[in-house]
Amino acid sequence: MRTGSDPIDTLAGEARGERASHRGQSLVTLPLIIVLDGVFYAAVLFLVAAGLTFVYGVTRILNVAHGSLYAVGAYAGASMVLAYLRTGGPLPLVYLALLAGAVLAAVIAGPLVERLLLRPIYGREDVVQLLVTFSLFLILEDAMKLVWGVYPYYVAEPYGLLGTMTVAGVPYARYQLALCAVAVATGGLLWWFVERTRTGRLVVAVTVDREMSAALGVDVSRVYVLAFTAGTLLATLGGALVGPLIAVAPGVSVEAIVLAFAVVVIGGLGSLGGAALGALVVGLTRAAAVHLYPEVELVTVYLIMVAVLLFRPQGLFGEVELRRI
Amino acid sequence: MTRRPGLLAAAALFVAAPFVLPAWAVFLLTLALAKSAVVLAVALLLRGGLVSFGHGLFFASGAYAVGLAMRRLGLHEALLLTALGVAASIAAAGLLGLLIARYRGIFFAMLNLAFSMVAYAVLLKFYDLTGGTDGIGVRTPTILGVAPSGAAARLWLYFYTLALVLPAFYVVHRVWYSPLGYMLRAIRDNEVRVEYMRTSVRRIIYAAYVLSGALSGLGGALAAFRVGHIVPELAYWTTSGEFVFVAVLGGTGSVPGPLVGSIGFEFLKSYASKYAAFTWQMALGAAMLLVILFLPGGLWSLAERLAGKGRPWTWFSKPSG
């Protein structure tokens with residue numbers, strides 16, 4: 001059975017399940033496999049990167065601990081699922097437990113981090129902001145070990161429950177498809193929130209001109225809490241959803257933040273569309289590398305990032321988007 | 001002139017230390033000296049307003065150059081191996097600097113992190129060359145043709161490290177008061193104005209970056225001699241994070257900061273790994289937060305303030321307004 005854990009190999013350190021060999025497969029199915037894997041991997045990357053880029057867009061702070069929040073989400077989701085399974089409730093509701101874990105983690109961690117750590121450093125030098133969020137990264141790394149231990153968590157129920165299907169002769173896990181759908185829905189929802197809702201417009205207003213917004217009566221500090229919590233929710237949601245595909249263990253955070261940063265840089269820092277495009281570019285390239293040239297797979301993401309930085313330093317989606325989140 | 005007595009006393013302390021301290025403490029002191037070169041490198045960049053979360057890369061390249069040269073080429077002369085380690089790191093920094101020196105702030109920090117993680121993965125995966133997680137064993141080198149052993153080796157290595165690290169500190173001290181140092185400080189304050197002075201900001205940052213790479217390589221080579229074993233973790237982000245931590249804590253306004261910071265850190269760490277294995281990073285993070293938010297000049301600035309020297313220069317200004 002193909003588990004499809006392959007594409008997130010580097011994301012999570014260790015992959016579960018056996019790795020299918022594609023040697024000798026026909027010329028038609030290999031491109032299909034690459035596209036399927038690539039899109040799925042892009043969905044995973046988008047979920048992590050969207051929160052990072054959203055928080056940056058609003059607060060102008062690159063949260064180095066974003067990957068840690070992703071890992072917290074993965075752990076929280078896994079714990080909730082395990083707790084739920086122990087109660088013996090109906091199995092399909094396990095997805096609710098997974099989501100509840102992510103939401104709970106975000107609602108607790110988001111406002112706490114924003115109030116305590118980010119508020120004192122808005123508008124400060126990059127160095128200060130980086131060091132403060134890096135400190136949070138260090139703290140969360142051990143906090144996770146204290147709460148969840150160092151042994152990996154395998155929670156495969158949400159994954160196994162959906163079973164597999166075949167796409168033109170290629171076996172494909174339905175959970176992967178669901179994850180892609182969630183990523184698209186999340187992106188759409190975020191776009192709708194920012195562009196079409198009143199609160200979203202307020203977020204944009206604060207991003208563009210904080211002082212003027214405050215003068216017009218916008219509760220700026222509330223907007224910041226809200227935006228950061230939303231970004232945190234994206235991270236924990238991504239973590240919780242990817243959790244069932246991987247072994248959740250220490251080391252997830254750093255891989256996630258490095259990859260998310262690469263994706264965001266490729267797309268353009270602060271741009272949501274850029275994150276989506278960056279995720280697709282990275283996902284497809286990496287899937288192609290995994291199946292065609294496994295030797296270079298390790299460095300593909302960084303090669304793309306370097307190439308983009310050299311020829312288009314503001315990222316593929318440029319500066320116009322950057323001002324608008 | 002006023003600093004002379006202090007300097008002399010410090011020198012005397014360093015010379016006397018290995019004869020007074022127990023063997024394990026000399027070991028730690030040697031390692032701390034080696035690592036202080038990397039901390040100095042990170043602090044040098046911090047003075048320019050640049051933070052690198054990936055200097056473990058250059059630390060590792062210095063160490064691996066030593067390990068590989070010893071294992072593959074059969075070299076054993078410490079001076080030669082150290083030179084190789086520094087050269088390898090200069091090459092790495094010279095190459096990556098071409099890209100990284102274009103960026104500031106977020107990009108500078110994260111690109112360094114990204115490249116160090118690539119290096120970590122490469123060291124891990126190229127098992128045939130690097131030994132993967134097993135690492136490479138490094139035997140005690142001969143120093144100027146002399147092959148010491150036992151207690152003598154400990155002393156040799158200590159003084160060898162001291163003889164290379166202290167001059168490195170002096171060099172950085174001089175660089176800090178050279179045009180390069182002033183320019184670096186000016187870049188931190190206002191990059192555009194530096195450009196208006198017809199100075200290439202990128203070239204200055206590149207020079208500082210390569211110098212910091214060289215210092216890290218020196219630290220890596222010396223640490224490899226002392227520890228006797230090198231592993232991919234040298235390039236891992238936790239290693240880089242510790243360098244940043246010590247640099248911030250020691251403060252970058254003064255040259256002794258990184259030295260005192262590294263020594264304190266190394267001894268504290270050896271105790272902490274016994275009592276607080278799972279809360280070590282957490283303690284580092286919390287301590288760093290407190291220092292950044294409340295004591296931006298680092299711990300050393302506290303000592304200087306107590307000594308009545310006034311407010312030292314810090315690597316970032318107070319928040320305006």
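Visitor: At what distance does a polar contact join the side chains of Ser52(B) and His55(B)?

Guide: A polar contact is a pair of N or O atoms within 3.5 Å; within protein, one must be able to donate a hydrogen and the other to accept it, and residues adjacent in sequence count only if both atoms are side-chain atoms. Here the side chains of Ser52(B) and His55(B) are joined at 2.7 Å. The side chain of Ser52(B) also reaches the backbone nitrogen of Gly54(B), at 3.2 Å. This is a predicted model, in which local features need pLDDT of at least 70 and side-chain atom pairs count only at pLDDT 80 or more, while totals for chains, interfaces and linings use all residues. Residues are numbered from 1 along each chain as its sequence is written, chains are lettered from A and ligands numbered from 1 in the order in which they are written, and side-chain values use heavy atoms, with hydrogens and water left out.

Visitor: Where does Ser52(B) lie, and is Ser52(B) buried or exposed?

Guide: Helices are DSSP runs of H or I with at least four residues, strands are runs of E with at least two, and both are numbered from the N terminus. Ser52(B) belongs to the loop between α2 (23–47) and α3 (56–72) of chain B. Buried means under 20% relative accessible area, exposed over 50%, and partly exposed in between (1.4 Å probe, protein chains only). With a relative accessible area of 2%, Ser52(B) is buried. Contact means heavy atoms within 4.5 Å; leaving aside neighbours within four places in sequence, Ser52(B) is in contact with Leu45(B), Phe108(B), Asn112(B) and Val244(B).

Visitor: What area is buried between chain B and chain A?

Guide: The size of an interface is often given as the accessible area lost when the parts come together. Buried area is that loss (1.4 Å probe), summed over both parts. Between chain B and chain A the value is about 3,800 Å², with carbon and sulfur atoms giving 84%. Ile106(B), Trp237(B) and Phe278(B) supply 18% of the area that chain B buries against chain A, more than any other three residues.

Visitor: How many salt bridges does the rule find across this interface?

Guide: A salt bridge is a side-chain nitrogen of Lys or Arg within 4 Å of a carboxyl oxygen of Asp or Glu. Across the interface of chain B and chain A, the rule finds zero. Three residue pairs are in polar contact between the chains, both residues being at pLDDT 80 or more.

Visitor: Which residues is Trp237(B) in contact with, leaving aside its neighbours within four places in sequence?

Guide: In chain A these are Phe134(A), Phe137(A), Leu138(A), Glu141(A) and Val254(A), and in chain B they are Leu113(B) and Met117(B).

Notes: Buried area = accessible area lost by both parts, 1.4 Å probe.
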